Amino acid sequence: MASLSLKHIFKVYDGGVKAVNDFCMDIEDKEFIVFVGPSGCGKSTTLRMIAGLEEITAGELRIDNEIVNDFEPKDRNIAMVFQNYALYPHMSVYENMAFSLRTIRMPNDQIHEKVMEAASILGITEYLERKPKALSGGQRQRVALGRAIVRQPKVFLLDEPLSNLDAKLRAAMRAEISRLHEKLGTTFIYVTHDQVEAMTMGSRIVVMKDGYVQQIDTPINLYKYPDNMFVAGFIGTPQMNFFDGTVVKNGEDVRFSLDCGTNIDMKYIQADKIPVNYMDGAHKIVFGIRPDAVRVYNSTNYDDGSWAPAKAVVSVVEVLGGETLIYANLNLETPDAQSGAIIIRADSDTQVRRGDIIDIEISRKKFHVFDKATEKSIRRRIPKENVIRASVAGGVLAFADQHFTLPSAIRCADSADVEISMPIQALTLGEGGGKAKVQWTEDIDGKTLYFLRVGELTLFSLEAGEARFAIGDEIAFDIDFTQMSAEALGVTPLCLTNTLDGIFTKEKNPAGKQYDFFMNIGDAKLVPTDGICEKVFACKGNKIFHTPLEYVIEAKKLSVVPHAEGAKNALTGKVVTLLDYGRESYAVIDVGGQTLTAAYRGNVGDTVDVLVPVEAMTIKDKTIDIIIV
Ligand code: ADP
């Protein structure tokens, strides 16, 4: 039984290969976690770092809240099962399983009990006297699992354990490993490149690509709400269908124009999670639809307005028994054009043939939209931002009959038509000068996503906890202007993350033989905690004294006080700008040639001390862009 915490884990191999970048995850006790992704994406490296077989370049690995970066593999209470079983060929199955217990000098009767129990769990009791070469692949893999089970580890790590088995046996062993997980009630971490294995076994899945985590979620959430085209295409068979195109909003109607010639029409409320700036007919988007979100038209089909009609020409029909896969093309003139290729999962009794032109229906609920350039989803389960067309006149922002006086920190020119955007958290509910009607709410993992109708726009707000307002309620809302951006007017969100260049130094302690260490930012010398020193040296050793660093700290963690000589862990500076946002006021402070932002009410020109809680700082190695602390 164990929980794991991986914080900003990096792996840089000798030679500079960055195999794992900024891997962050908390794993709860008894979870079955699957790392999945194409070959070379960093899955095994991550697993081997957890096992202790590979050094962690930077980051913090905890097992049951204890930092284990420097623990030997044998001291981590982890068992690893490999693809090639790694059984001892000259030993019997019994001895293979008993081996690790003999090395810790467990009494024979206890060893016997554990081996027999594991053998019975795995159904290999009758093979105990055999040598590995007299076993089938599946039986060998069971022995390898047995060898791990007898040690009663806190965590099971499995590295592609089934990839040497044929398809049928693999399916059977999948189910067996899932049952084993339930029976043992232990945390499992399982590596595979096979998305079917990942989907069927994982309680949560980590999708990786090129050393970066793409998304971490439950199988069903990855399938329904992929964050980007890679995850969308990797999870699910047959693959999601993708079509390049554009989208336009016209009042309450929205039209997707696909490059292959097909138009998909729907109401704005069916597509309102897409930011309206994409609905200009110019932004390149990719429309994604899974094969099971398309159906062949039938006059008896039930339709409540959530199916959009289209036509396709059939190229291949695969009758699989329980279902039929139809490979078709939306482009009726050039049916082999890749841009219109579509796969439809249909009932087994669907009667279509190669060459048929068929009426199909595309779900207006289960479709995905991605930004063509970034490949990121722009129809996210939780939209990222509200995008609004507004006007600014005399310091008043107006949109959809709403009027907000801009705070003095935002000084911008008048404009009759300007696009503003803000994260959805910047829209706060219950008070303020805005008026909206709650159109819909969604409960997402304990948070409430509000769909608010403001004029002809849907705006979003996200709050922790259950819904405070009901559908149909007329409510007030406010805008946190620190988070607003309006590119055309030069308005950017207030940057509340401060990044300061610096170095790490040592000085001989005048009182003794030891050294004192410092985090230097300009002339200021901040004193690191012992914990910071440990991490810095564990990661960089003495190289830390020659490494350019970035010290990163959130403005909210800083406090600003009048200057006093000798203040500890303070950056002394001068206020250069005051930014008054009404309820909150901030200062831009020059600290020895670099600037930072912190909450402050006072005057330009004030000399102040910015007090820095060093333990809340992130320290980055600038040369290879990894987080050290
Ligand atoms: P996966 O398990 O997803 O196939 P790996 O974790 O094995 O991926 O590898 C991730 C990347 O690190 C790959 O580019 C691989 O070539 C590289 N790599 C793996 N092991 C080493 C090593 N010992 N030395 C240098 N590069 C390595």
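Two strands are taken to pair if DSSP finds at least two bridges between them, and strands (E, at least two residues) and helices (H or I, at least four) are DSSP runs numbered from the N terminus. The model on screen is predicted, so local features are given at a pLDDT of at least 70 and side-chain atom pairs at pLDDT 80 or more, while totals for chains, interfaces and linings use all residues. Residues are numbered from 1 along each chain as its sequence is written, and side-chain values use heavy atoms, with hydrogens and water left out.

**Stop 1**

Select residues 585–591, which form strand β35, together with residues 594–599, which form strand β36; the two pair in the antiparallel sense over 6 bridges.

**Stop 2**

The hairpin of β9 and β10 has 2 residues between the strands, and D210 takes a positive phi near 50° in it.

**Stop 3**

The shell consists of Y13, V17, A19, P38, S39, G40, C41, G42, K43, S44 and T45. By class it holds 5 nonpolar, 5 polar and 1 charged residues, where Ala, Val, Leu, Ile, Met, Phe, Trp, Tyr, Cys and Pro count as nonpolar, Asp, Glu, Lys and Arg as charged, and the others, Gly among them, as polar.

Which helix gives the most to the shell around the ligand? That is α1, residues 43–51, with 3 residues. For the polar contacts, pairs of N or O atoms within 3.5 Å (within protein, one must be able to donate a hydrogen and the other to accept it, and residues adjacent in sequence count only if both atoms are side-chain atoms), begin with K43, which has a polar side-chain atom 3.0 Å from an oxygen atom of the ligand. A polar side-chain atom of S44 lies 2.7 Å from a ligand oxygen atom, and an N or O atom in the side chain of T45 is 2.5 Å from an oxygen atom of the ligand. The protein covers 59% of the 560 Å² of accessible area that the ligand has on its own; such areas come from the Shrake-Rupley method with a 1.4 Å probe, and for residues only the protein chains shown count as cover.

Keep α1 selected and colour it by accessibility, with buried meaning under 20% relative accessible area, exposed over 50% and partly exposed in between (1.4 Å probe, protein chains only). Of the 9 residues of α1, 7 are buried, so the helix is largely enclosed by the rest of the structure; the buried ones are K43, T45, T46, L47, M49, I50 and A51. Just after α1, G52 takes a positive phi of about 90°.

**Stop 3: backbone exceptions**

Most residues other than glycine have a negative phi, and most peptide bonds are trans. Go to D22 in strand β2, residues 18–27, where phi is near 50°, a positive value in a residue other than glycine; D22 is partly exposed, with a relative accessible area of 32%. R105, in the loop between α2 (93–103) and α3 (108–122), also has a positive phi, of about 60°, and is exposed at a relative accessible area of 74%. Then select T237 and P238, which are joined by a cis peptide bond with omega about -15°; P238 lies in the loop between α8 (229–234) and β11 (241–250).

**Stop 4: T547**

Is T547 buried or exposed? At 5% relative accessibility, T547 counts as buried. It is found in the loop between α9 (530–540) and β32 (549–554), and its side chain reaches the backbone oxygen of K543 at 2.7 Å.

Methods. Near = heavy atom within 4 Å.
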